[in-house]
Amino acid sequence: MFNFGAGGATVQKGADSPYWQRDQYKQFISSTYDVVILMLGTNDAKHQNWPMDCSLPHASAETCTVVQDYLALLDVAKTKGVGGFAVVVSSRKKRLDGYF
């Protein structure tokens, strides 16, 4: 078992701490695994990271950078898990009062 988690990292490439730029990401992409489990969403949901194009009423998978970057990371994960198997665990966006 390997843990390539990076505290405070975001899946969004343009957010305050992109996973894509972390050493853990470089380690993750250097091998393959039986199963890949991804925990995503908590840091992306921080107010300063959440893009307006991902909020209702204008949210769209075509324009939401969070969705686009999640899908890009899933594409990478599919190449790392045997048979392309990936499990995604995600938290939801925080409410305006700061709670999930």
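**Exercise 1.** Is C64 buried or exposed?

Solution. Buried stands for under 20% relative accessible area, exposed for over 50%, and partly exposed for what lies in between (1.4 Å probe, protein chains only). C64 has 5% relative accessibility and is therefore buried. The model is predicted, with pLDDT of at least 70 needed for local features and 80 or more for side-chain atom pairs, while totals for chains, interfaces and linings use all residues. Numbering starts from 1 along each chain as its sequence is written, and side-chain values use heavy atoms, without hydrogens and water.

**Exercise 2.** Characterise the disulfide formed by C54 and C64.

Solution. A disulfide is a pair of cysteine sulfur atoms within 2.5 Å. The sulfur atoms of C54 and C64 are 1.9 Å apart, and the structure holds one disulfide. The torsion about the S-S bond is about 105 degrees, so the disulfide is right-handed. C54 is also buried, at 9% relative accessible area.

**Exercise 3.** Describe the largest pocket and its lining.

Solution. A pocket is an open set of points on a 1 Å grid over the protein atoms alone, where a 1.4 Å probe fits, with protein on both sides within 12 Å along at least five of seven lines; lining residues have an atom within 4 Å of a point. The volume, the space filled by probe spheres set on the points, is about 670 Å³ for the largest pocket. Its lining has 24 residues, with F4, G5, I37, L38 and M39 nearest the centre. The largest share, five residues, comes from β1; strands are DSSP runs of E, at least two residues, numbered from the N terminus.

Key: Helix = DSSP H or I, 4+ residues; strand = E, 2+ residues; numbered from the N terminus.
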